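Colleague: I have a structure open and I am new to reading such things. Could you walk me through a few features?

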There are 2 protein chains.
Amino acid sequence: MSLQDSNITAIGIDFGGTSVKIGVARGPEMLHSAEPIPTQAHPGPQALIGAMVERIDEIRAHFPEVAAVGCGVPGLVDFDRGFVHELTNVPGWKHIPLRTILHERTGLPCVIENDANAMTYAEWRYGAGKGLKNVIALTLGTGVGGGVVINQQLYRGSSFCAGEIGQMSVHFDGKPGHYGNLGALEKYVGNNQIAEHAVVRYAEAGVERSVEECRPKDIALAAQAGDDIARQIWAEVADWLGTALSSIAWLLNPDAFVIGGGVAQAGPLLFDPLERKVKSMLSTIVWEKLQILPARFSNEAGIIGNAALAADSI
Amino acid sequence: MSLQDSNITAIGIDFGGTSVKIGVARGPEMLHSAEPIPTQAHPGPQALIGAMVERIDEIRAHFPEVAAVGCGVPGLVDFDRGFVHELTNVPGWKHIPLRTILHERTGLPCVIENDANAMTYAEWRYGAGKGLKNVIALTLGTGVGGGVVINQQLYRGSSFCAGEIGQMSVHFDGKPGHYGNLGALEKYVGNNQIAEHAVVRYAEAGVERSVEECRPKDIALAAQAGDDIARQIWAEVADWLGTALSSIAWLLNPDAFVIGGGVAQAGPLLFDPLERKVKSMLSTIVWEKLQILPARFSNEAGIIGNAALAADSI
């Protein structure tokens, strides 16, 4: 694989629990994006794959140079075999040989990847982490996902499960995560957890706020308007997140963290205390090498990342 | 580099704060080990390097087939340049181009590595982690060191600082480590910290014990003799250590952890609760792939690892 921008045109499919976004990209450039497919409107893999193939055919009519298809899914895959083990939030998606099916239906080379890995690939290949050797990417949203680039290669782990940063523990006796794993980062800095924590902090100050009034977006607006409690909440989020990032930095001594997702939209409100926290947790030599960068891509990360994975695989 | 056992004979130097051990090995086989050099008896790098070269010359008189020298040091190195940045516990060792000096004095190809990385290499190349793709090794002693093998290669990180597992946080508001890093694992499961914690646990049960009576060795003997408090202490150590290991497993999804060092001598007293703890913190698919293994090598790990690094570099 060359580290120059690819000049291969590929289709990227960003398969989410709500919608399946399909677009066509060449390198970092998004050439076109099709009307998204509502995931739940097509019950079962057969129907949904049929709708995907329709979109692919439509796109290829306009972009006959499309040479490959990459599809990122919200769940567990076997990258080598192009096999979807299970998508927890999409009924019926279990043990699907998606690469084989897509290849048979399109005649194109296809790759299947986990969605967080595809986002990581987009940021490393064409985004904030471009050209760096060792990069850790995170998306902060309802859940916390991530991916690991080691020696200029996406590192997938021994059973393709690497990069589950949201499940890492920041407290040996802390809040249980999805697997009963105590102190799971996601249970501190996930969207809903930030909101719930904010409700508590406001209540302590005698201010009654509902969870709906305490979305990360609201806390960011309040902090920008000078609300001390809101600023304090971001500092706490930075403390939790920074603890996990510093542990990763001690283990992997990377060039950069690239952070995206809704929560990262808070910008300096999050990144400033996060930098301070991570710095306070590291030795000079590990810190000096390290950058903490906001992601370049947002909604288009999935399409660009999956298209790039597909283009780079041929 | 072939993954067969090397048939190259190399000298391994295990440079410790107390003594410098020098031996000659071929693959996993230790052919001979020389009388150790007391580190402090040779103030300054010049004198100590002189003593090392003397030993190397003596060894080569008996093993003329020696083809390379590997030296592992207790501190920060630049592996690519063979440069010692600093050895915190050995006065005068700062900015030493050790590989160049050793090469000039011996005429042999030399490699310089961090000591925990050399131990990791020994365990992956010839020890408990032999043949595995992704392996994390730890030594549990006064400090907690480690190393990372990714895709069958020692992973050194962007400034050669990867593998500092003892500095990873197990509690975002926990005990500060050497760098002020809150919750540093080393401050929970280091030799002295286990002893201090045991004193507290015994005191709570109305039993007065000194730190000297609570070395990990003593706690292991007491636990073997059926002492419930001692067993409880090992379970707590397993909890702390298992928290860090599970975080690493979520991030890197490795094939194995290999655990050595004095504290690991507790055997099943540590490994049994550790397995339970790590399993309780992981998803089935990550856990299924994972082995938690006691190290094969003990005192000889440094010599074998450094000799192997040297042999594999030519």
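Predicted model: local features only at pLDDT ≥ 70, side-chain atom pairs only at ≥ 80, totals over all residues.

Colleague: Let us start with the two chains. By what turn and shift can chain A be laid on chain B?

Modeller: The turn is 180°, and the shift along the axis is 0.0 Å. The RMSD of that superposition is 0.0 Å. The two copies are thus related as by a two-fold rotation axis.

Colleague: Which C-alpha of chain A is nearest the axis?

Modeller: That of A:His171, which is 2.0 Å from the axis. The same surface serves both copies, since 98% of the contact residues of chain A recur in chain B.

Colleague: How many residues are in contact between the chains?

Modeller: On chain A there are 44, and they are in contact with 43 residues of chain B.

Colleague: Which elements of chain A give two or more residues to the side that touches chain B?

Modeller: Look for strand E11 (144-150), helix H7 (228-252) and helix H9 (284-288) of chain A. H7(A) gives the most to that side, with nine residues.

Colleague: How do the residues of that side of chain A divide into nonpolar, polar and charged?

Modeller: There are 22 nonpolar, 17 polar and five charged residues.

Colleague: Now the helices. How are two packed helices described?

Modeller: By the angle between their axes and the distance between the axes.

Colleague: Give me a second case. How do helix H5 (residues 191-204) and helix H7 (residues 228-252) of chain B cross?

Modeller: Their axes come within 10 Å and cross at roughly 135°. H5(B) and H7(B) are therefore oblique to each other.

Colleague: Is the crossing of H5(B) and H7(B) left-handed or right-handed?

Modeller: The crossing of these two helices is right-handed.

Colleague: Which residues should I click on in H5(B) and H7(B)?

Modeller: In H5(B), take B:Ile194, B:His197, B:Ala198, B:Arg201 and B:Tyr202. They meet B:Ile229, B:Gln232, B:Ile233 and B:Val237 in H7(B). Sorted by kind, the residues of this contact are six nonpolar, two polar and one charged.

Colleague: On to the sheets. Through what do strands of a sheet pair?

Modeller: Through backbone hydrogen bonds, either parallel or antiparallel. In chain B, find the open sheet of three strands in the order E6-E7-E8. The pairing there is antiparallel.

Colleague: Which strands of that sheet stand at the edges?

Modeller: Strand E6 (76-78) and strand E8 (94-96) of chain B. Each has a single partner strand, so one side of each is left without a neighbour in the sheet. Neighbouring strands of this sheet are turned by 20° against each other on average, direction ignored.

Colleague: How many bridges pair E6(B) with strand E7 (residues 83-86) of chain B?

Modeller: Three, in the antiparallel sense. In E7(B), the residue opposite B:Val77 is B:Val84. The hairpin of E6(B) and E7(B) has four residues between the strands, and B:Gly82 in it takes a positive phi near 65°.

Colleague: And how many bridges pair E7(B) with E8(B)?

Modeller: Two, again antiparallel. B:Glu86 stands opposite B:Lys94 in E8(B).

Colleague: What is the strand order of the three-strand open sheet in chain A?

Modeller: E6-E7-E8, with antiparallel pairing. Two bridges join strand E7 (residues 83-86) of chain A to E8(A). The bridge partner of A:Glu86 in E8(A) is A:Lys94.

Terms used. Residues numbered from 1 in each chain as written. Chains lettered and ligands numbered in written order. Least-squares fit on C-alpha atoms with pLDDT ≥ 70 in both. Contact = placed C-beta atoms within 7 Å. Axes fitted to C-alpha atoms, helices over the stretch in contact; angles between N-to-C directions. Parallel < 35°, antiparallel > 145°, perpendicular 65-115°, else oblique. Left-handed = near helix turned anticlockwise from the far one by under 90°. Nonpolar A, V, L, I, M, F, W, Y, C, P; charged D, E, K, R; others polar. Pairing = 2+ DSSP bridges.
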